[in-house]
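Hi,

Here is the structure I said I would pass on. Have a look at it first, and my notes follow below.

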Amino acid sequence: MHGAFRIREKRGGPPGYTLTEAVIVVAVLGTLLFLGAKLSIQMARLVNLNSARVEIQRDARSAMALLERGLRQADKTTVTISQKPSQPPHSSITFTRFIKGGAATEQVQYYQEGKHLYMETPGGKRVISDTLRLLSFTYPKSGDLGLIAVSMSFEKKTSGGDTKTLQMSVEKVRLMN
Amino acid sequence: MAVSRVALRSDGFTLTEVMIAGLIMTVAFLGMTGGFMYIARGSQQSNTKTLASNLAQEQIGLLKTRSYYRIMATTSSASDSSFSPNMVYDKGYYPPEKIQVEGQIFERRTYVRKVTQNATGGMEYLSWNSPDHGLKEIAVYVVWQDKGRWRKLEMASLEQNPRRATMSARIEGTARRGGTPLANVRVVPLEKTSQAGLSVSPTGKYNFWIEPGTYTLHASLSGYWPQTRPPVFAPAGSPVTGQDFNLAWMQRGHISGSAFLRDHLVISEVCAGVGTDDVEYIELYNPTTWTWRVNSANIGLQVAAGGSSTVTDLTLTGSADVDSHHYCLIGTDSLGAPIKYGAIQRITAGQGGAVILLDKATGARLDSVAWGSSNSTKPPPLGGVGAEGSAFRPTTMNPSATNVGGLTLNQSIERKATRLSDRDSMHGAEISAGNAWDRNSNNLDWVHNDHGHADASSHGDYSPLQSILNSETPLAGTPARGAVVFAKDGLSGPAVANANGDFTLTNVTTGTWNVYITSDSVRKVTPSTTVANGVITPSGPHGLDETSFQGYITGTVKDFTGAPLNGIVVSAAGNSLPTSADGTYFLEAPPGVTDVVANPGQIDPSYLEASINGVQVDLGRVKKLPDIVLQTGGAIIGTVVNAGLGDPLANMVVVASDSVSGVEKGSVLTQTDGTFRIDRLPPGTYIVSPVLEDPENESSTPLSQSVPVSSFGGPFSAGTFTIGGATGYIEGTVRRNGKPITTGVLLYARESPIGLNPPDMPPSGGGPQYFGATSDAEGRFKIAVRGQVSPKYNVYAWYWEWQGNAMVPLPRKAYEGGTAVQVQPGQTVTRNFDW
């Protein structure tokens, strides 16, 4: 019913806090600070994780979209699935694709090298992603060269170093040419 | 007081104020949070919807790449009451799939229904087991849960059969003769002869399915007048009934007659002496339609005496033009005939003898006659000299009390006017008939005038017709033995003239017909002969005096037992006629080489078509062909269904091939009820198999069936072919230390072993194919392989693990050799890989 200030006035003592009061205040503040810090750390971690997830999802999506687009333009008779030295089996694909206008072609290669996903064209090579964990190309049936399954997983360690986030996508791409 | 206390306070908030402020701030904060969440969720939902739409489109796109018949209508469905109305979807052919995209779990469901377009253009759904109308609707639902509520995205697409015209119209009717139902009447729509109905016993009803359209129905049965109905429109759906036929029986009669060849001069009478031996004569008759000039340049005459083989040439003097049907008398000078051969008698009375008539231009013998007693007292010339067939040896030439024997004075031998002529008729009823009967046998062709009268009166024993003034119409001639006689009435078959030239054309349809009589290069087309029901119409005698410009082909059509087949159409050089009751046919054809086809186009579905190729037809000649044996069309029947609930598969191609040569002998499409019938197969053993559209992905059980077909009975069953997916699956988990591997493991299955590392793809050097897959984020994999009992599949897995910053390959895992995996079509086999 009554505010704290009124209580102190009632007692008629000199203004100030009792030791008990101070201790209580410190304890409360300490608890709050501790909880707040812990919470903020967790929140930060969550944010990190989330941004990492978003990042590799974006990586995965854009890499997959890029690969798909490239593969759809491929002449299926020119496809070779292999791997770079010391890389997982079937982690590289080479093909000739038609470039604008239809008549001209160029050779394109997508491959894994360590954590990097590369795309190599006569114009040079560029990194598509450096969070790659595994890339593999398979023919669901080697008798049907028109269908290729692409599987890629990406992984990014968050700032803490102890948590990982993983995104894996598998798509089947039908080669039109 | 409380008011003043509040007004006085200036050093802080009351607890109430703090609480109210806190409350307001909390509400505002909650509101803002809610707002943010709402926006976030909205954007999330929109994203989810896009994903769902992609998934639905993907499934529709996938199904649409299949051929129409491989899009299976849902036969086994599930219903989900989480939606209103309940969501129905396929759980058989296209079971629901769980798909995880960007952390959201979707379930994709498919529902395929047969649909038809109704009269108003609207769509109607059909049950899966109703006939296919060439349209299917593919509906795809993608469902997901959002905050505990089920959401769905629905997409539908129609797939039309590009090829098939639906047999959705039906025509029905009854065939009768008078009021009596008539079986075996074949009703054919002239616009589409591949479809036909056959009336059945005892109701006479027929029916058949056909594409919707307008059709002119034509009914036919051998022995009946064919009938055509006015065009009728057959719509889809409701059958067209009452397409009845009342066939009229073809009434028949017969034509009987005789046919003769009259192509040469004949010796018509020989007299050895009139009063005295020196007055003798030989009388010739011209039965042909042209004039013969008789003189020593053109005609040769020879005589021979009885008991001798010596032939003496007569020296003819004088010349005479003997017109058609006229006589010419040749005799000794004292006779006073136009043609003379001297004063000395050459034919001795009271003896046998012979006269030979030659065509000097060719040296050919035109005619001859030899005579003598029937016993050996007065024999004809020796060695058959002058005889045509058998010499004329009547008993009246035997010596007797009143007769010295042989051809005595005042008697003559005379050629018959007709086959039945005798001594008396020749001087009676046939006194004015030309003496032309010439069966090429003297014994049958001549009469002996032995009345004992020596005058030239009506009963005279000799009555030479003086020279070229006299004309008599021939009633006979050389019998046109083997001449073929036919009428184009469509029912009767050709008749053949017998040795006497007689023929009877039986079962001629009533009406007026020309009768064709043909023998070698001559023929006769008689004037119109009217045939009445059940009556034998006489015709002729006919002399075959027209030149033929055609050749003729004749033969017999039989079944494999040797029984003649009636009513089988035989065609050659554009002419067609059905065979007669005795299986014979007779066709005109221009000279040259032609093919003769019996039952062309299998007009009679009970028999196969047969032909004789390269038949040489000569002008005016009748070419007799070997019998054409028609094989019964054996039929193979069977059914093609889809694996699962046995949904009939329409329009599957089914082929029957000869089991020995492998040559395809027949192929059909299955009907809407999945059944097929391959007709008209010659006896033999057939390999029957459905033709798979995509042998990699579907299989038939059994793959093929060997069916023996004999000529008897049938149809022969090939049983049921079940078409199922050829795909089987190898699935399982991949784990490392008991935990699922989430980054992907490369897997391959192959009939043959694979080396330590998979080769570059596509593989070079042939061999069995590789079936590949990568495990998913949950450590599961599924390899689709071609299902088969053998060989088994070797399955391999390759996993590269990250250890620190390096990738390290773990040893390859395999099921191979003894642990290879058998996967049958439609089967799913589980194999796990653990590192």
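To start with a definition: buried area is the accessible area (1.4 Å probe) that two parts lose on being put together, summed over both. On that basis, chain B and chain A bury about 2700 Å² between them, and carbon and sulfur atoms give 57% of this area. Of the area that chain B buries against chain A, B:Thr743, B:Trp800 and B:Trp802 supply 23%, more than any other three residues.

Before going on, some housekeeping. This is a predicted model, where local features need pLDDT of at least 70 and side-chain atom pairs count only at pLDDT 80 or more, while totals for chains, interfaces and linings use all residues. Residues are numbered from 1 along each chain as its sequence is written, chains are lettered from A and ligands numbered from 1 in the order in which they are written, and side-chain values use heavy atoms, with hydrogens and water left out.

Back to the interface. The contact (heavy atoms within 4.5 Å) takes in 33 residues from chain A and 31 residues from chain B. How many salt bridges does the rule find across the interface of chain B and chain A? It finds 0, where a salt bridge is a side-chain nitrogen of Lys or Arg within 4 Å of a carboxyl oxygen of Asp or Glu. The rule does find 11 residue pairs in polar contact there, both residues at pLDDT 80 or more. A polar contact is a pair of N or O atoms within 3.5 Å; within protein, one must be able to donate a hydrogen and the other to accept it, and residues adjacent in sequence count only if both atoms are side-chain atoms.

On the side of chain B that touches chain A, the elements giving two or more residues are β61 (746–750), β62 (771–774) and β65 (800–803) of chain B. β62(B) gives the most, with 4 residues. (Strands are DSSP runs of E, at least two residues, numbered from the N terminus.)

The peptide bond from B:Gly540 to B:Pro541 is cis, with omega near 10°, and B:Pro541 sits in strand β41 (residues 536–543) of chain B. Another cis peptide bond joins B:Met761 and B:Pro762, with omega about -5°; B:Pro762 is in the loop between β61 and β62 of chain B.

Cheers
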